[in-house]
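The sequence and structure are shown first.

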Amino acid sequence: MINRCINIKLPDERHPISSITDVQSPLFTLDAAALKAAGLFKGKLQKAPAAMSTVMIRKAAYNEEVLRPIVFEMLESNEGPTIDTGDRVLIKPNFLAPAAPEKALTTHPLLLKAAAEFALANGARVQISDSPAMGSFSKLWKKGGYEEILKGLDVTVKPFEETIAVDVGEPFGSIDIAKDAMEADVVINLAKLKTHTQMMLTLGVKNLFGSIVGLKKPEWHMRTGVDRQMFGRLIVSIFQAVGPAYTILDGILAMEGQGPGRSGTPRELGLLMGGKNAHAVDHVACLQVGLDPDTLETHRNAREMGVYDGRVHINGDLKILDDFQFPELGSLTMGPDYMGRFMRRFVIQQPVADNKACKLCGECWKYCPAKAISYTDRGISFNTDTCIRCYCCLEVCPHAAIRAKKPIAGRVVAWLTKNR
Ligand code: SF4
Ligand code: SF4
């Protein structure tokens with residue numbers, strides 16, 4: 001692995017993160033804590049200890065002759081994944097929705113191809129899977145150019161379908177995560193650098209939220225929907241459970257503005273970033289686009305949860321942007337407000353009471369964080385508009401008098417999703 005110098009634009013008076021001082025030294029490190037303490041990106045540079053996460057930044061383009069050697073360099077580096085002959089390697093791209101590559105909604109097919117070729121060259125059995133938030137997987141595979149570009153490669157291509165319950169710890173407990181992601185020997189995470197109107201940016205860590213299958217995604221949005229910090233924690237918990245071996249962030253054609261979907265604006269950055277530690281990759285990506293990393297809930301939560309210490313060694317050239325367009329943050333529920341209300345009322349499973357079993361002990365309404373439970377001497381009832389679907393009432397009821405029930409529309413949508 002070659003450690004090149006890093007070129008960091010230090011702050012000037014007009015722009016907190018721009019100026020033209022290039023620091024040239026073979027091994028320098030950005031210390032996030034120092035950056036934060038000193039003000040936005042007024043960072044301190046220090047030598048990198050050996051155990052520190054390394055993030056590689058490379059100039060790249062959607063050209064096979066350029067891209068392939070860079071991807072191989074990243075995956076062959078000291079922090080690249082260990083792949084043994086016969087290993088099941090799962091490649092997890094960002095497959096948000098069916099869209100042509102130039103829309104920047106999805107990880108570029110040439111990046112998938114290079115990663116798949118690397119895994120195949122190491123004797124792996126390769127699978128490419130995701131659970132698109134919108135549209136069908138087969139349509140996405142065609143429209144995104146994957147079918148054409150990956151033609152002839154010996155890889156299994158299929159959407160995530162089966163799940164297994166994984167205990168991710170407090171406060172979420174058991175979460176259904178794609179079985180293929182949990183059972184792969186090696187997961188290679190191929191994320192897209194995009195803005196996100198709910199979480200500011202979607203990068204490497206957030207990409208693993210795609211291993212929540214189908215309608216469970218909006219359901220989790222609903223369950224954590226009143227609290228962005230909680231949603232960040234959920235994403236980090238899912239990420240840690242899957243534990244990808246390596247993350248490459250496709251920032252060649254990134255997205256700015258009102259991402260991550262069609263309202264966002266493609267922005268050519270011409271960059272790939274890669275590292276074993278996706279938290280470190282996200283950290284550097286934030287610096288790259290001129291964002292205080294602690295603005296990102298996934299980053300802040302990872303630090304609070306103790307899964308990332310904020311120290312990163314950058315291998316490559318970091319040229320901080322001062323004109324990247326960030327989104328206006330909106331609601332955590334997907335789509336417009338009326339869609340959120342619709343999903344909540346008619347699609348997402350709701351708590352329902354068995355008032356014959358209810359002893360009116362009061363545990364549920366005392367615990368309910370949304371104060372969505374009322375009672376009379378005939379039993380309890382739920383306000384489905386204010387209930388945030390945390391399902392805590394199910395857990396605290398000592399008489400098993402509450403269960404979660406999917407409304408009819410939700411059952412129909414689930415059936416259609418499963419059978420499309
Ligand atoms: S009614 Fe139950 S599921 Fe709804 S917010 Fe209250 S505790 Fe959570
Ligand atoms: S906790 Fe259970 S038994 Fe107690 S009031 Fe609520 S539903 Fe009834």
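The model is predicted. The protein chain has an average pLDDT of 83, and 79% of the residues score at least 70. Residues 1–50 have a pLDDT below 50, and this stretch makes 89 contacts in the model beyond near neighbours in sequence.

Helix H10 (residues 297–304) packs against helix H8 (residues 228–242) and also against helix H9 (residues 278–289). The geometry of each pair is tabulated here.

| Helix pair | Angle | Axis separation | Crossing |
|---|---|---|---|
| H8 and H10 | about 70° | 8 Å | right-handed |
| H9 and H10 | about 135° | 10 Å | left-handed |

In the H8 and H10 pair, the axes meet at an angle of about 70°, which makes H8 roughly perpendicular to H10. On the H8 side, the contact involves Arg228, Gln229, Phe231, Gly232, Arg233, Ile235 and Val236, and these meet Glu297, Thr298, Arg300, Asn301 and Ala302 of H10. By class, the contact of H8 with H10 comprises four nonpolar, four polar and four charged residues.

The H9 and H10 pair has an angle of about 135°, and the two helices are therefore oblique to each other. H9 contributes His279, Asp282, His283 and Cys286 to the contact, while H10 contributes Thr298, His299 and Ala302. The residues of the contact of H9 with H10 comprise two nonpolar, four polar and one charged.

Thr298 and Ala302 of H10 are listed in the contact with H8 and in the contact with H9.

Methods: Residues are numbered from 1 along each chain as its sequence is written. Chains are lettered from A and ligands numbered from 1 in the order in which they are written. This is a predicted model: local features need pLDDT of at least 70, side-chain atom pairs count only at pLDDT 80 or more; totals for chains, interfaces and linings use all residues. pLDDT is the predictor's confidence in each residue, from 0 to 100. Two residues are in contact if their C-beta atoms, placed from the backbone, lie within 7 Å. Axes are lines fitted to C-alpha atoms, for helices over the stretch in contact, and angles run from 0 to 180 degrees between N-to-C directions. Helices (H or I, at least four residues) and strands (E, at least two) are DSSP runs, numbered from the N terminus. Angles under 35 degrees count as roughly parallel, over 145 as roughly antiparallel, 65 to 115 as roughly perpendicular and the rest as oblique. A crossing is left-handed if the near helix is turned anticlockwise from the far one by less than a right angle, and right-handed if clockwise. Ala, Val, Leu, Ile, Met, Phe, Trp, Tyr, Cys and Pro count as nonpolar, Asp, Glu, Lys and Arg as charged, and the others, Gly among them, as polar.
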